[in-house]
Amino acid sequence: MTTELSPRERVMRLFSGEKIDRIPLFSGMGNVTVYGLEEYGWRFPEIHLDAHKMAKMAASNYKLFGFECAVVPFDMGVEAEALGCKVNYYEDATDILYPTISGKLADKLEDLDIKLPPDLEKAGRIPVVTEAIRLLKEEIGDEVPVGAWVLGPFTLAGQIVQLKNVYKMTIRQPEVVTHALDVLDEIVIAIAGIYQRAGADYMVIREMGAGESTLNPNTFASMIVPHLKRIFAAVDSPNVLHICGETNTIIEDMARCGADAVSVDQKNRLAESRKKLGDSTILLGNIDPFNTL
């Protein structure tokens, strides 16, 4: 007689290559629903700034729908804000608007002078996210895995300076981009470590800005892969590399970055990717989150 695994056991065994009873339904993205907000009577802007509310909203997907994880943070501004960028939370908005960067560190990548902050764990909303992770571990950590995510270095570069400038510089002055990514690698590794020490069971690096629809696949292979390799070599397992959009021509390069799993979206031709990668690579995603739901 087979004993049904808990969501936590199911996900963690998947990462370790052990036998599981069924495929788990979980994510590496920060996920929140309108129904969760309505359950607590909270507005969307306030859950990004309060660790208690962030944790409750992350847990609500499991409690309301049985989603087999709880993941924080919810928006893409945490890392950039910790480095000094200004964030617009749209506090007066009545619709669901995700926070965006309203003040960049510089207009051009070549004007950027960035270093690893000595007190990164206290910068911006890093303490909010780490406390939310701790609260989630206390509340539901025995039942479901708690995940966290960090932007990849190239995507983070597009948050702290003008994104179009970053893309231009990959062609005009690739050495400038490489120098900036060297520093951002350290920052991504440091933040991932902070979250893991707080209790995150698995870590996702989201490098959505480097997909083939925005970056030449050859540039991805030569410029992005070395930095992702460095990051995954330093980030504890389990870990996942996620890239949105078109990834069909870069899927093999994604796999050689060293992550424990590769995550793609609905634009990936998953059957083809499986043939390219073989049976040993954990391949996640390929579900259209909007139209499917």
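Which residue follows α8, and is its phi positive or negative?

Analyst: The model is a predicted one. The residue that follows α8 is G199, and its phi is positive, near 125°.

The helix itself can be examined by a simple calculation. Helix α8 covers residues 174-198, which makes 25 residues. At 1.5 Å a residue, α8 should span 36 Å, and because its end C-alpha atoms are 36 Å apart, the expectation and the model agree.

From this helix we turn to the aromatic rings. A pair of aromatic rings is described by the distance of the centres and the angle of the planes. The whole structure contains seven aromatic pairs. One of them joins F15 and F26 in an edge-to-face arrangement, with 5.9 Å from centre to centre and 80° between the planes. F15 belongs to helix α1 (residues 7-16), whereas F26 is in the loop between α1 and α2 (34-40), so this pair ties together parts that are 11 residues apart in sequence. Both F15 and F26 are buried. Y35 counts as exposed because its relative accessibility is 56%, over the cut-off of 50%. F65 has a relative accessible area of 49% and is partly exposed. Ring pairs also connect F15, F26 and Y202 into a cluster. A ring may meet a charge as well: R206 lies over the face of W149, at 4.2 Å from the ring centre.

Charged side chains provide a further set of contacts. A search of the whole structure gives 17 salt bridges. One of these joins E4 and R10, whose closest N and O atoms are 3.9 Å apart; this distance falls within the 4 Å limit for a salt bridge.

Another bridge is found inside a helix. E131 and R134 meet at 3.6 Å, N to O. Both residues lie in helix α5 (residues 126-140), three residues apart, about one turn of the helix. E131, at 32% relative accessibility, is partly exposed, and R134, at 38%, is also partly exposed. A salt bridge of 3.0 Å, N to O, is formed by the side chains of E272 and R269. E272 has 37% relative accessibility and counts as partly exposed; R269, with a relative accessible area of 45%, is partly exposed too.

Finally, the surface carries a nonpolar patch. V34, I96 and Y98 make up this patch of about 260 Å². I96 is located in the loop between β2 (86-88) and β3 (100-103). The relative accessible area of I96 is 42%, so I96 is partly exposed.

Key. Residues are numbered from 1 along each chain as its sequence is written. This is a predicted model: local features need pLDDT of at least 70, side-chain atom pairs count only at pLDDT 80 or more; totals for chains, interfaces and linings use all residues. Side-chain values use heavy atoms; hydrogens and water are left out. Helices (H or I, at least four residues) and strands (E, at least two) are DSSP runs, numbered from the N terminus. The expected span of a helix is 1.5 Å times one less than its number of residues. Patches are made of residues with over 30% relative accessible area and no salt bridge: like charges are joined within 9 Å, nonpolar side chains (Val, Leu, Ile, Met, Phe, Trp, Tyr) within 5 Å. Accessible areas come from the Shrake-Rupley method with a 1.4 Å probe; for residues, only the protein chains shown count as cover. Buried means under 20% relative accessible area, exposed over 50%, partly exposed in between (1.4 Å probe, protein chains only). Rings of Phe, Tyr and Trp (its six-membered ring) pair if their centres lie within 6.5 Å; planes under 30 degrees apart count as stacked, over 60 as edge-to-face and the rest as tilted. A charge sits over a ring if NZ of Lys or CZ of Arg is within 6 Å of the ring centre and within 35 degrees of the ring normal.
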